[in-house]
Amino acid sequence: MKNKIVKLLILTLLVTLSSCKKFLEIPPPETEVELSKIFDSDQTALAATLGLYSRVANDVSAFCNGSITIYSALSADETFNTGVNTNDDAFRTNTLLSSNSVLLSSMWRNAYLYIYHTNAVIEGLEQSASVSRTVKDQLTGEMLYLRALHHFYLVNLFGDVPLMTSTNYLVNANMARTQASIVWDQITHDLRQASTLITDNTNLDNTRISRAACQGLLARVYLYRGLWKEAESEASKVIGTSRFALESLNNVFLIGSKEVLFSWARATGNTVEGSKFLPTSTTARPPYALQPGLMSTFENGDDRKTSWIKSNTVSGTIYNYPNKYKVRAASPITERCAVQRLAEIYLIRAEARTNQNDLSNAIDDLDMIRSRAGLTRLKLSNPTISREELLKAIYRERQVELFAEWGHRWLDLKRSGQANTILGQIKGSNWQTTDILYPLPINELQTNPNLTQNLGYE
Amino acid sequence: MSAQPTIYQPTKTKSMNFYTCFHNAYGEKWKRICMRIPLNKPEVLFRYITTIPMRTNVVVLMLAFFCFLNTSRAFGQGISISVKKQPLESVFKIIEKQSGYLFWCEKELLQKARPVDLTINNATIEQALNACLKEQDLSYAIKGKTIVIKAKDKASEKKSINSKGLVVTGQVTSENASVLPGVSIRQKGSQRTTVTDKEGKFSIEVTDFNAILQFSYVGYELKEVRASNAEAVSLAASTSKLDEVQVIAYGTTTRRLSTSSISTIKAADIENQPVSNPLAALQGRVPGLLISQTSGVAGSAFKVQLRGQTSLDPSLSQNNPLFIIDGIPFEAGNTAANQINSAANNPTSISSGGLSPLNTLNPQDIESIDVLKDADATSIYGNRGANGVILITTKKGQAGKTNVRANVYSGISRIGRSMDMLDTKEYIAVRKEAMENDGIKPGLNPAVAGYAPDLLSWDTTRYTDFKKLLIGNTGHSTNYKISVSGGNTGTQFIVGAGYNKQTSVYPGSFADNVISFNTGITHQSQNKRFNLIFSANYANDRNTLPRYDLTRYINLPPNLKLYNDDGSLSWSENGVAYATVNNHTNPLSYTLQMYDAQNENLSGSLSLSYQILEGLKLKVTSGYNRFIADEKTNKPSASIDPIFDGIVLPSAEFANQKTSSWIVEPQLEYTLPAEKSGFNILLGNTIQNKQNVGQYLTGFDYTSDILLGSIRGAGRIDASNINTLYRYTAFFGRINYNFANRYILNVSARRDGSSRFSPEQRWANFAAVGIAWIFTEENFLKNLLPLMSFGKLRGSYGTTGNDQIGDYKFLNLWTNTLNPYNNVPGLYPRSLYNPTYEWEINNKLELGLDMGFLKDRLLVTLAYYRNRSNNQLINYKLASQSGFTSVIQNSPAEVENTGFEFTMTSKNFERHDFSWSTSVNISIPRNRLISFPNLSGSSYASRYQEGRSLNLIRGYKFLYLDQQTGIYKFEDVNGDGLLNSGSDYQFLANTDPKFFGGLQNNISFKNFDLQFFFQYNRQTGASYISKLANTVPGYIYNQPSIVLERWLAPGQQSNIEKFTATPGSAAALSYSYFGNSDGAYTDASFLRLKNLSLGYQFKGNWLSKIHLSALKVYVESQNLLTITSYKGPDPETQDFYVLPPLRTVVAGIQLNL
């Protein structure tokens, strides 16, 4: 036994005398990767990029995957919640408080979480000497698109928002709100750069960002900024690509749809929209039902009313609900959430052309959508329509084509300046002119003293 | 013990004279050192040996150590001699052979010596020498391995009269005949004093032979002896609490001699509490230590805070103290053991609560718990000591008869204080009144105010008492403990096993089962140079619980239908699904979602020490600790709300985590025993390695419940794993200098390195100094303070650190995403990284006064402390626009905790068959944020305020309930007529305890033994109304009966608003303001009869006839009574949705064979 003690003691002595400094030098954890290693190879750089796709696609309360759709539809005149839920109520009645948890977790925080990821990858690629040029360009372009997409919705929903283009938290954490016009400039810049960096690799399906997807979003951005010529030009680039075509109504949101410019490929189920909008059974109340006003906007004979809307009758009340995405169950996966689709691009070009007084081509674009819905073409029914009437028709078409999708209605009401008149009538005394912007989450105001609150929420 | 030395084999030594054998006995390397020793001068020799450590380096000492080990190989047993009329020289030879000691003696003396008659058996070297020199005019001294024989100084042995006066000489020994050096002797009423020398001998001048001599010595009772009888004085060991052993870092001390702030709780106070977690047994007993129960669930966690909160960021550091069991860090500590959440977690704030790893430590195995508080005590733990250190020492065996001890108890538990809820009739009335108040009618359109399926669609005559159903059952506690201990003077052992089972108060069969085993071996070699302490413990804690704490659901509408006619769980009634009504659910579904955790703790420690030279000890402590948490839970189809049909399929979760740690701590300790002063130096090194490996598997989309146990049966699997490594190393030293047991100085220092910091910031130094002045040892004060038997002033100042920030935080790490994208795995940034953060250092100051009165029958301790923490490592909150909500960095803020602590122990009565003792402790803490540069510009502006506590209540200032409208009124700071959090929030109060402590009484009368312990806490806490902000009375939630005291008519005074059923109504809004106001806080002070135990000890001869040495029966109770004016369920958990602490009563029997 004492021999063992001696050995133990010798061992102890050796360990003691050996360099303690060395002892403390531990390798990085096996379960994680150091940033410096990630941008050493094309493969891991790709993983860092796809990491963001995966996060957004599989996050059920992601800003850019469901949340905008669900909550903007309530804020606008599209849907109402059928259950008792304080958060839903606040959006529906436009009585949002800055303490609303959805605002914080599903919108603001979530958006910036992902914007950080884009900036980290962009910076990593920029500094990398090992990633090949083509991969670098492609991945940088994809990240620029996603950065622009998140900023786009932030600036639309909240107004002035801090613009994040780096990962330096020392600067970012206390940044004040950036003027909306500067944010818009950055969005435009990001998308233009992205559309030059991304080579339109047709091998990729629409679950990755293509050059066309960048052009599509850029067309929308130009439209929102009133840059009609540019909007038309970008829209035409997309429409001119043979990859895309309008699908029949029931196929628009299916995997393989040619109408979709870009969609999220969820690994773990069908779409967030499907799981949130569809009722559990034919006798159950759907969680969100369509407002009567929207129902009456559909013209008679509009196929979308039957293909994209369904109803359940519960306790004698009829509840209409969005049925664009038709699968509620998790598997098998047959549908994907479309971020942007060709129908919108036609409507963008129609609007841009109208504003440039190119009415006849605008009518053609509008008729693409109308005829797909089984409606009479405007070219036949009213070829001499006035510019104002045509614009109205385009907005109404947008309302019924893009309902319950990505807050299109909410943003259209705002950018057309109609929100106050239309929502003021529908929402009654709850509606205030300041409701067109959401409040900044109180939590953020408390952690960043340089942030200011939107009017009406102080 | 009279074991024959059967193993002993005399080694063959060549015949040599006493001079030479000394030289040759050691190895070559040692010889070189020895050769220079002046052997002819024993006094010089002694000094020489003791100075060696100063001159030689560690390597030489180590080698020396091995040499000694070799020479002492055969001498494990005692000395046995049986001789008749033998020359002394040959007896010495026998002793030499048997002991390994060597004699040094002038030949002349040997020749003069008388022949020896001697019979001794298994004796120590001292006993042997005392016996064989009894009749001789010789004395001896042991120097290391050498025994020096000298002639007795005859002159000094006799009382004589010299020119100065009478001189008395003598020797002082303890009761067991060992000599006592350093005993103070003084002639009573005079200034004549002396102290005994190394052999316990003394010589003192006295005025006359009838003078009274007072003998005092630390750890022994004071003795008065007439000078004429002082030739041989034996002192009795002290029974004062001051002399009980206190365990400190790398050693022990006593309350008397300690310079630090340490509180010790002994087994006697722990054993009689029917609890499974040692933390429960500590509640209220240690001043400065605030322990609060997070939940009444068996096995759940306790919040532990020593001397206040220092952390600005409770998410990063909970300010948990360091737990050390038998010298080895208990790595699982006090952080929750579980990865999967269960009923042990707070259902509304999942991050709090959880399962306590310390539940694997059987309180009955604990000998003592020492809580180290100030810098002097904790600085030597370096970076780990910032939040204090709790040293747990397990029981060890005692020499003597083998002792078999068995203890069994059994009893019942029910929930303690809780709130009564409305029955259906009252509930319906509340709902209807609320609608009337709002001027609305109950309807079935959810988009229209007045939606009331509970009144219109659901049966309004049905009544379920959810409190009774969900948490109103009776839990059963059973505990078995058996331990066997014994041994001889050289080796002692203890082995034991325990089993504890507590069933829950939930419906269904849920229980916490802990099986534990403990072993302990202590050994000391015959020559007392080699010491070994080994202990090993194993425990398996299996806890089955529902997935969520069902207390969360006691406020379901009391007419909710639970079962369908076919006996299956009901999820809707008349087409209205519960999930669409305030997200209600069928709570019984969670009893189907079984959570099953198995926590295993294995720990072993071995401490070896060897006395190289007199006073010089080499010690190596090593230990291994492994904590495994293995959990699973599942969600069978019957527990899934059909509203999620097709979306949520049966699923199962499997998680395991293994934390294993080894530690080695070589130490070198040198003690200089001297007549007037004691000097102790400790040098050491710590090397620690901790690995944490774990997995978390979630299986989704099972097609059938029968596959739920298998991860392969899942349709889809999410898997993640962790593997982290933590390394820590340090050098430490401590010098303790004790001058005449009067002035004591303790200095410690440590240099720490931790792998949790980037290489540039890796090392840090910590140091502390403690001083004590035992003023009652001063002669000029002894007469001034006749009632005071002990008085000590002490103070300490020093630094401690903290590296509890998690591993690898200085690296920029990316982690795999949960799911691949298009089948390619993804990566994402885990957190912001900051490579520049440095050590956090805390400064601690302490002043203490320890006093004993009336021969230590009354002991009082007063302490003041001031701990300051700055450069704190925190998860600095960031606006989420930065991408994350926090980053680890050093905070510029400085936090101060100050406080007074008072402890009093009193033996009120001590008679033959009646004794009564009381102990009281009070802590008055104060927490303050001293400074926070640029606080207003930081993310903490809305949370903290300079000069105030960290636990601030910030919100609206509640004014009153408007007697005209029945609505709460709040202060509108900026007078804009609106209430909003930005401009109208104020800092109002804090939730720190004002004071807390405990009161213990032990009374024994004849065979009866009664102990009761009160815990008290004066504090402000959240009332039940704070939980009503979102479940407003009048909504579709049941309410505590107390809401019936609501406002009804103008002019009425009330605490509770009028009912309302409409979200957004003035009354509802004002409820939500109320939840964010100081009105939601109330006095949550309480006095709790924490423990009551009554025992009856059987006595009489009949016990031995049935071979029992002791037999006791007892009843014990925990949380029997709580006195409080708190408006809510339990003032400790302060949460309406959390199971209140249980009230337990058990009866048991304890017997010793």
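B:V371 has B:I390 as its bridge partner in β22(B). The model is predicted; local features need pLDDT of at least 70, side-chain atom pairs count only at pLDDT 80 or more, and totals for chains, interfaces and linings use all residues. Residues are numbered from 1 along each chain as its sequence is written, chains are lettered from A and ligands numbered from 1 in the order in which they are written, and side-chain values use heavy atoms, with hydrogens and water left out.

The pair B:V371 and B:I390 belongs to a strand pairing in chain B. Strands β21 (residues 366-372) and β22 (residues 389-394) of chain B run antiparallel and share 6 bridges. Strands here are DSSP runs (E, at least two residues), as are helices (H or I, at least four), and both are numbered from the N terminus. Two strands pair if DSSP finds at least two bridges between them. Both strands sit in an open sheet of 5 strands, ordered β16-β21-β22-β19-β20 (chain B), with mixed pairing.

Another open sheet of chain B has 4 strands in the order β9-β8-β11-β12, and its pairing is antiparallel. The edge strands are β9 (193-195) and β12 (223-226) of chain B. From one strand to the next, the twist averages 25 degrees (axes are lines fitted to C-alpha atoms; angles run from 0 to 180 degrees between N-to-C directions). Strand β11 (residues 212-216) of chain B joins β12(B) through 4 bridges. Within this pairing, B:Q214 is partnered by B:E224.

Chains A and B also meet through strands. Strand β1 (residues 33-34) of chain A and strand β38 (residues 813-816) of chain B run antiparallel, joined by 2 bridges. A:E34 lies opposite B:L813 in β38(B).

In the interface as a whole, 83 residues of chain A contact 85 residues of chain B (heavy atoms within 4.5 Å). The buried area, meaning the accessible area (1.4 Å probe) lost by two parts on being put together and summed over both, is about 7200 Å². Carbon and sulfur atoms give 66% of that area. The rule finds 1 salt bridge across the interface (a side-chain nitrogen of Lys or Arg within 4 Å of a carboxyl oxygen of Asp or Glu). B:R830 forms a salt bridge with A:E32, with the closest N and O atoms 3.2 Å apart. Helix α4 (residues 42-58) of chain A supplies the largest share of the side of chain A that touches chain B, 12 residues.
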